[in-house]
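Hi,

Here is the structure we talked about, with some notes on what turned up in it. Please have a look with the model open beside you.

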Amino acid sequence: MAAVRMGLQVVAGTGGPDAQDAVRIAGLSFRLMDRQKRQLQILDHVDLALKEAEFVSIVGPSGCGKSTLLNFIAGLTPVQSGSVEVFGTPPGAEGAPIGYVFQQHALLPWRNVLQNTVISLEVKGVGKAEREQRAREMLGVMGLDGFEDHFPREISGGMRQRVSLARTLVDNPRLILMDEPFGALDAQTKLLIQEMFLKYWEEHRKSVLFITHDLAEAIALADRVLVMSSRPGRILAEYEVGIPRPRTLDQVRHMARFTELHDAIWEDLRGEALKAMQGRA
Amino acid sequence: MDQDTARQVTIVKVVLLIVIIGGWELSARYGLIPVFWTSSPSLIATAFWESLKENEITYHTYITMQEALAGLAAGAVVGIMLGLVLGVSRVLGAALEPFVIAMNSLPRVALAPLIVMFVGIGFASKFLLAFSLVVVPIMLNTYEGIKAADPQLINMMRVIHAKRFQVFFKVLLPNCVPWIFSALRVSISFAIIGAIVGEFISARAGIGYMIDSAAGAFDTTGMIMPLIVLMVLAFSIDRAFVATSNRLLRWRDEGLT
């Protein structure tokens, strides 16, 4: 990890090789051909390790390949060069305990809330009674009791995203990939869902890789924040958050450590965000 | 649409209907338009009643609808099957697409004489003509419905390790249902066109035959009456279809109107 600049009181031992790692990525690069048949470097030698039960946020300018990174881990995009391991096996392996919360809720519009929530259990062949009971419980955790029969178009954006979260969590994944899951929500809804998810996570401690462009969200939820550069995406810096848990969002935001991290990460990000913006214009 | 607007629309509809039929009847009575060329609502109503008593209009309507609906049903089954196969198989779909579109750009009505030559002037020629008008649009729409499936949904299914057949039955197939329904809706009138054109070419029964015979006798009323029966019938089928499809597709943002 030569390219990584360790920021602010890094706790030793992060990212080292460990049998318990949920995700281990080494030297991952990715190129695409654009429409003019030019090579486009999307990712450039990304190294990353996510420990079991660790919550890591990745922030970076738009178009830096954050989502591409998740697609590699989920096995949706085949690896070109470098290596990706999920619980020690290649990505996309049969039965890999991965959940993926997409930026857009990705609910099946013709299924009601309950039918959407059971889909992963249904695909696995879990019996109807059991899967519906588990789904109802998870919908209850997400505060969605009484909405089981509604179609996605009949509920609000925040509720759809909670259904999407319930659908992912009901399968009890060991690793959760989250691609700007709360990015499309209004400020209040976002806060409430963040709190809900934070509480759930602190109880269950899954491995989470959380992509966002919201710095405050990245810091408040995660154990560690990785900063990615503008395209080609590299890991630019790494910050250990070090705010004790259990956390509550309004308290976290007033801590000196929060402000300190926010300033430091924004310092890293500002230049990259500008580059990305100019690249677009 | 709020309730007030809905009521206004209903009132305007009824007024329009009365004005059209009333205007037509009055102009015919007072000699503003020649009854020989345009008939009149009362003449048509009388002719309809007479024909009903003779069991003539019912018989011919039955023949035509039988041809059209059989063609529609067969065209739907074959079109949906072909569309699904094309949509699921990347290679086959891309390879056959230009052929299908070329077929579709052919005015199928022009095939009528050829079809009659092949299978004779009975039920088969009308059935095949209706079928040929219906099958390609249904197939193309089914194919589009599969292609239009949100890639995000397919990614979601892959993340939960869904098998190919599960992706097909849980995502691709439900995704084409609205596409198939809208194709079926336009196909109702296509199928009737097919049956009628077949009857024009040569037939012993059916609405097209009735119109053709009346035309030979310069009987305007005899030509318009079956047309109106056909119109009312096709309109009712369309309404019933829309109501059914809106009930089945309750999950969609907006229904058909």
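B:Ser39 sits in the loop that lies between α2 (35-38) and α3 (41-53) of chain B; helices (H or I, at least four residues) and strands (E, at least two) are DSSP runs, numbered from the N terminus. Its phi is positive, about 55°, although B:Ser39 is not a glycine. B:Ser39 counts as buried because it has 21 C-beta neighbours inside 10 Å (buried is 20 or more other C-beta atoms within 10 Å of a residue's own, exposed is 12 or fewer, and partly exposed is in between, with C-beta atoms placed from the backbone).

A word on the source: this is a predicted model, in which local features need pLDDT of at least 70 and side-chain atom pairs count only at pLDDT 80 or more, while totals for chains, interfaces and linings use all residues. Residues are numbered from 1 along each chain as its sequence is written, and chains are lettered from A and ligands numbered from 1 in the order in which they are written.

A:Lys37 also has a positive phi without being a glycine, at about 60°. A:Lys37 belongs to the loop between β2 and β3 of chain A, and it counts as exposed because it has 6 C-beta neighbours inside 10 Å.

Chain A has a cis peptide bond too, between A:Arg245 and A:Pro246, with omega about -5°. You will find A:Pro246 in the loop between β10 (235-240) and α8 (249-252) of chain A. For background, most residues other than glycine have a negative phi, and most peptide bonds are trans.

Next, the sheet. In chain A, 3 strands make an open, antiparallel sheet in the order β3-β2-β5 (strands pair if DSSP finds at least two bridges between them). Its edge strands, each pairing on one side only, are β3 (39-51) and β5 (81-86) of chain A. Strand β2 (residues 21-33) of chain A is joined to β5(A) by 5 bridges, and A:Arg24 stands opposite A:Glu85 in β5(A).

Finally, which residues of α9(B) meet α11(B)? They are B:Phe181, B:Arg185, B:Ile188, B:Ser189 and B:Ile192, and among their partners in α11(B) are B:Leu230 and B:Phe241 (contact is C-beta atoms, placed from the backbone, within 7 Å). Helix α9 (residues 164-201) and helix α11 (residues 220-248) of chain B pack at about 170°, with axes 11 Å apart (axes are lines fitted to C-alpha atoms, for helices over the stretch in contact, and angles run from 0 to 180 degrees between N-to-C directions).

Best wishes

Technical notes: Two residues are in contact if their C-beta atoms, placed from the backbone, lie within 7 Å.
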